[in-house]
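This briefing is arranged by topic for a reader with the coordinates at hand. It begins with the nonpolar core and then turns to the sheet, the helices and the aromatic residues.

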Amino acid sequence: MTENNRTGISQFLLLGLPILPEQQHLFYVLFLAMYLITVLGNLIIIILILLDSHLHTPMYLFLSNLSFSDLCFSSVTMPKLLQNMQSQDLTIPYAGCLAQMYFFLFFGDLESFLLVAMAYDRYVAICFPLHYTSIMSPKLCVSLVVLSWVLTTFHAMLHTLLLTRLSFCDNNVIPHFFCDLSALLKLACSDIHINELVVLIIGGLVVVLPFLLIITSYARIVSSILKVPSTRGIHKVFSTCGSHLSVVSLFFGTIIGLYLCPSANNSTVKDTVMSMMYTVVTPMLNPFIYSLRNRDMKGALKRVFQKKSLF
């Protein structure tokens, strides 16, 4: 049976963002700038961590993987969005749509698990500083990273395989800027109950559980700091935790709102804006929130430039 006969269609039409024609150029420049900042910021972090031996620690192992995940997560959707904003051809092949959805889920899930690992690393560092080296051993750190990659592969592949069993009829218009799982399920003309059940159950484990673990880790950190009051220490921790939690809440909050608790009155504009928050804004903010502001990264950047100036 051919792909076209099995699915009923051979390609989808991505409507993109609900932007007025006269504002198209302005938003194109804005999104291009945001994407370039995301790529540059995350690439700088990855390169610095690779080049500077001072950054070969558990936290920066997780951070380098997070930066790679952010870079890829944004690259799954943004180039196609930018291309469509400049092109009259808004189509994407069926296989290309499934591939985009797979990698979107993969890198989105990977970010979720890596944020948990980073929160646990900070919890151990602040609450058990004397035992940090023994607890966060190289073996444990590598295991957490490998486990994150394995779990995300399984989750993304599961949704992709379940989607291939569905039939799509005449309607191939996706009112979104990428091949979103929920948007594809709405277009299916076969039974999607199993797909929706998997989204609810597995999605809860992949999204809600990590979010709760992160909140718990930071709550323990705050509780530990408050037991030994120090104005400077409290200010520093609340400043750091506050910025971390704001990005975490933005990332997880929009995903939970979109996929696990969708509103009854489906608003395409609202869904698109919420999707932009975690697909574009969060990957752009993470480099600044987690690393480019701290002394270790600034020191590494200085050392790299000093080495370059010697040659």
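A nonpolar core is here a set of buried Ala, Val, Leu, Ile, Met, Phe, Trp, Tyr and Cys residues joined through side-chain atoms within 4.5 Å. Buried means under 20% relative accessible area, exposed over 50%, and partly exposed in between, with a 1.4 Å probe and protein chains only. The model is predicted, so local features need pLDDT of at least 70 and side-chain atom pairs count only at pLDDT 80 or more, whereas totals for chains, interfaces and linings use all residues. Residues are numbered from 1 along each chain as its sequence is written, and side-chain values use heavy atoms, with hydrogens and water left out.

**Nonpolar core**

- The largest nonpolar core holds 93 residues, among which Phe12, Phe31, Leu163, Phe168 and Ile174 touch the most other members.
- Helix α4 (residues 94-127) gives the most to this core, with 20 residues; helices (H or I, at least four residues) and strands (E, at least two) are DSSP runs, numbered from the N terminus.
- Beyond its neighbours within four places in sequence, Phe31 is in contact (heavy atoms within 4.5 Å) with Leu17, Ile19, Met78, Leu81, Leu82, Met85 and Met276.

**Sheet**

- Three strands form an open sheet of mixed pairing in the order β2-β1-β3, where two strands pair if DSSP finds at least two bridges between them.
- Strands β2 and β3 stand at the edges, each with a single partner strand, so one side of each has no neighbour in the sheet.
- The pairing of β1 with β2 (residues 91-93) is antiparallel over three bridges, and that of β1 with β3 (residues 173-174) is parallel over two bridges.
- Leu13 has Thr91 as its bridge partner in β2 and Val173 as its bridge partner in β3, while Phe12 stands opposite Ile92 in β2.

**Helix packing**

- Helix α4 lies across β1, β2 and β3 and runs at about 85 degrees to β2; axes are lines fitted to C-alpha atoms, for helices over the stretch in contact, and angles run from 0 to 180 degrees between N-to-C directions.
- Helices α6 (residues 138-164) and α8 (residues 193-227) pack at about 170 degrees, with their axes 11 Å apart.
- That angle makes α6 roughly antiparallel to α8, a term for angles over 145 degrees.
- Residues His155, Leu158, His159, Leu162 and Leu163 of α6 meet Ile194, Asn195, Val198, Val199, Ile202, Gly203 and Val206 of α8.

- The whole structure contains 20 aromatic pairs, counted when the ring centres of Phe, Tyr and Trp (its six-membered ring) lie within 6.5 Å.
- Tyr102 and Phe103 have ring centres 5.1 Å apart and planes at 80 degrees, so they pair edge-to-face, the class for planes over 60 degrees apart.
- Tyr102 counts as buried at 15% relative accessibility, whereas Phe103 counts as partly exposed at 40%.
- One aromatic cluster is formed by Phe73, Phe104, Phe177, Phe178, Phe211, Phe251, Phe252 and Tyr278.
- Thr77 lies in helix α3 (residues 58-86) and is buried, with a relative accessible area of 0%.
- Apart from neighbours within four places in sequence, Thr77 is in contact with Gln100, Phe104, Phe177, Phe178 and Thr279.

Terms used: Phe/Tyr/Trp six-rings, centres within 6.5 Å; stacked < 30°, edge-to-face > 60°. Parallel < 35°, antiparallel > 145°, perpendicular 65-115°, else oblique.
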